[in-house]
Amino acid sequence: LEATSGDDLPRFPMAIDVPSSGLKDDRGHVADAEVPLPQPLLVDLHANQDYWLERLRRNETDDIRSALEEDAAEARRINSEASNAALPDQNTKVPHGGSGRGLHIVQPVKDNLYIIEAGTGCSQTINIGDTIPSMVQVDDVHGTGALDLIVTTASGQVLTLEVSDAVPFHPLNVWNTGPVRSRVNGHAQGYSASSGIFVHERSRTYKNWLG
């Protein structure tokens with residue numbers, strides 16, 4: 001929903017196939033109750049994330065309200081053009097994560113991962129081959145400087161899916177502490193949160209101090 005108006009966002013609500021619970025009532029009929037869904041993962045899987053970083057580095061002397069309104073209008077324009085574009089032919093290369101802006105929604109449903117580009121509604125489905133009972137996590141667990149999805153299954157397996165070398169790691173674009181990201185405002189995604197802190201890359205290296 002659009003927070004300011006309560007209206008539906010373009011291309012939402014979106015229907016996905018949710019399996020029934022399989023439970024039967026006293027007459028042997030399958031109940032209509034559906035399997036509860038794990039919490040979705042919010043993450044930016046676009047190759048180009050410069051617009052987030054530009055917002056983070058914005059000078060304090062700028063007119064913040066005007067700049068945010070311009071950012072929102074530009075994002076809506078880009079998402080509208082990307083979602084209304086014709087399907088690319090085989091010779092057209094689509095950027096990793098799609099051509100829109102904003103975050104992706106990674107929603108486990110039984111043994112499938114639904115990866116949805118929220119700005120355009122474009123989706124991709126990955127079958128894991130086993131039920132995914134909990135929220136997917138994301139971080140650079142392989143130490144390659146790119147993001148990895150961490151998926152756990154009902155049979156006790158822990159899978160890591162390399163997103164792509166094209167998607168850069170950033171401390172604000174990870175989710176690695178369970179259903180919440182932190183003790184305070186833990187349900188907000190790092191890039192889109194109203195406030196946050198991260199350690200700059202130059203400070204993430206080992207140093208020796210003498211004195």
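Three strands, in the order β5-β6-β7, form an open antiparallel sheet in this predicted model. Strands here are DSSP runs of E with at least two residues, and helices are runs of H or I with at least four, numbered from the N terminus. Two strands count as paired if DSSP finds at least two bridges between them. The edges are β5 (137-139) and β7 (158-162), each of which pairs on one side only. On average, neighbouring strands of the sheet are turned by 25° against each other, direction ignored; the axes are lines fitted to C-alpha atoms, and angles run from 0 to 180 degrees between N-to-C directions. β5 and β6 (residues 148-152) run antiparallel and are joined by three bridges. V138 has L149 of β6 as its bridge partner.

The protein chain holds two helices and seven strands. Along the sequence they follow the pattern β-α-α-β-β-β-β-β-β. K110 lies in the loop between β2 (104-109) and β3 (112-117). Its phi is near 60°, a positive value in a residue other than glycine. Most residues other than glycine have a negative phi.

The protein chain averages 75, and 62% of the residues score at least 70. Among its elements, β6 has the highest mean pLDDT (93) and helix α2 (residues 64-84) the lowest (66). Where pLDDT is low, the predicted coordinates should not be read in detail.

Residues are numbered from 1 along each chain as its sequence is written. In this predicted model, local features need pLDDT of at least 70, side-chain atom pairs count only at pLDDT 80 or more, and totals for chains, interfaces and linings use all residues, while side-chain values use heavy atoms, without hydrogens and water.

Terms used:
pLDDT is the predictor's confidence in each residue, from 0 to 100.
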